[in-house]
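Welcome, and thanks for taking a look at this one. Below is a short briefing to read alongside the sequence and the 3D view.

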Amino acid sequence: MKIGELAGRSGLNSSAIRYYEQLGLLPAPHHTGGQRRYPPDALYRVLLIRFASDMGFTLSEIKLFLNGLRDDAPVGPRWRILAHYKIQEVEENIQRARRLKSLLEHLLNCRCASLQVCVQRLSLSRDRGLVGRRK
C-alpha cells in the first residue's frame, strides 16, 4: 500500500509514517516507481505504535518493544516487561499528581500578604522548588 493509504487507514499524517521509518519503528518500505510501498502488516505496526504512544510509552520504549519482533512472534512477554516499568512510572506520576492537587487546593485559600510570605509558607528553595517534594 502507498504511504497515503497507510496514513489514512492509521489516522496519521504521511510525515508521521516517514518519521517512524526514520526512527526505525517501521522497516524501510519497498520502492516502486519512486513511491513507498508498504506490506499490509505495516498497518498493524503503525496502529500498535499509536496505541502504545497513547498509553504513555515513549517512542524509544516502543522501539525497544518492536526491535527484532517478527510478525508471528508472541508479544505477551514483551508487553509484560514494558508494562512493569510503565506501571512504576504511572504510580510515581499519580503520587506527584496527588501532591500537586493538594497544593492547588491549599492555594485556593491563599491569604499571603506578600510574595515573601507565600514563598516561606510554601517552603520553596532556590535549588529544589518545593522543599517537601518527594522523589
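Let's begin with a helix pair: the axes of helix 4 and helix 5 (residues 76-107) come within 9 Å of each other and cross at roughly 160°. Angles over 145 degrees count as roughly antiparallel, and helix 4 and helix 5 are therefore roughly antiparallel to each other. Please keep in mind that this is a predicted model.

**Helix 4 with helix 5**

- Helix 4 passes helix 5 in a right-handed crossing.
- On the helix 4 side, the contact uses Glu61, Leu64, Phe65 and Leu66, and these meet Arg78, Trp79, Leu82, Lys86 and Glu89 of helix 5.
- Sorted by class, the residues of this contact are 5 nonpolar and 4 charged, with no polar ones.

**Helix 1 with helix 3**

- A second pair to look at is helix 1 (residues 3-10) and helix 3 (residues 42-54), whose axes come within 10 Å and cross at roughly 45°.
- That angle makes helix 1 oblique to helix 3.
- The crossing of helix 1 past helix 3 is right-handed.
- If you want to find the contact on screen, pick Leu6, Arg9 and Ser10 in helix 1, which meet Ala42, Leu43, Val46, Leu47 and Arg50 in helix 3.
- This contact of helix 1 with helix 3 has 5 nonpolar, 1 polar and 2 charged residues.

**The nonpolar core**

- In soluble globular proteins, nonpolar side chains tend to be buried together.
- Here, the largest nonpolar core has 22 residues, and those with the most contacts inside it are Leu6, Ile17, Tyr38, Ile49, Ile62 and Leu66.
- Helix 1, helix 2 (14-23), helix 3 and helix 4 (59-66) are the elements that give two or more residues to this core.
- Helix 3 provides the largest share of the core, 6 residues.
- Which residues does Ile17 touch, not counting those up to four places away in sequence? They are Ile3, Leu6, Ala7, Ser10, Leu12, Leu26, Tyr38 and Val46.
- Leu6 turns up in several places: it is among the core residues with the most contacts, it takes part in the contact of helix 1 with helix 3, and it touches Ile17.
- Leu66 is likewise one of the core residues with the most contacts, and it belongs to the helix 4 side of the contact with helix 5.

**The whole protein**

- The protein has 6 helices and 4 strands, and along the sequence they follow the pattern α-α-β-β-α-α-α-α-β-β.
- Of the 135 residues in the protein, 23% are buried.
- Among contacts with a separation of 6 or more, 45% join residues 24 or more positions apart.

Key
Residues numbered from 1 in each chain as written. Predicted model: local features only at pLDDT ≥ 70, side-chain atom pairs only at ≥ 80, totals over all residues. Heavy atoms only, no water. Axes fitted to C-alpha atoms, helices over the stretch in contact; angles between N-to-C directions. Parallel < 35°, antiparallel > 145°, perpendicular 65-115°, else oblique. Left-handed = near helix turned anticlockwise from the far one by under 90°. Contact = heavy atoms within 4.5 Å. Nonpolar A, V, L, I, M, F, W, Y, C, P; charged D, E, K, R; others polar. Core = buried A, V, L, I, M, F, W, Y, C linked by side-chain atoms within 4.5 Å. Buried < 20%, exposed > 50% of the residue type's maximum accessible area, 1.4 Å probe, protein only.
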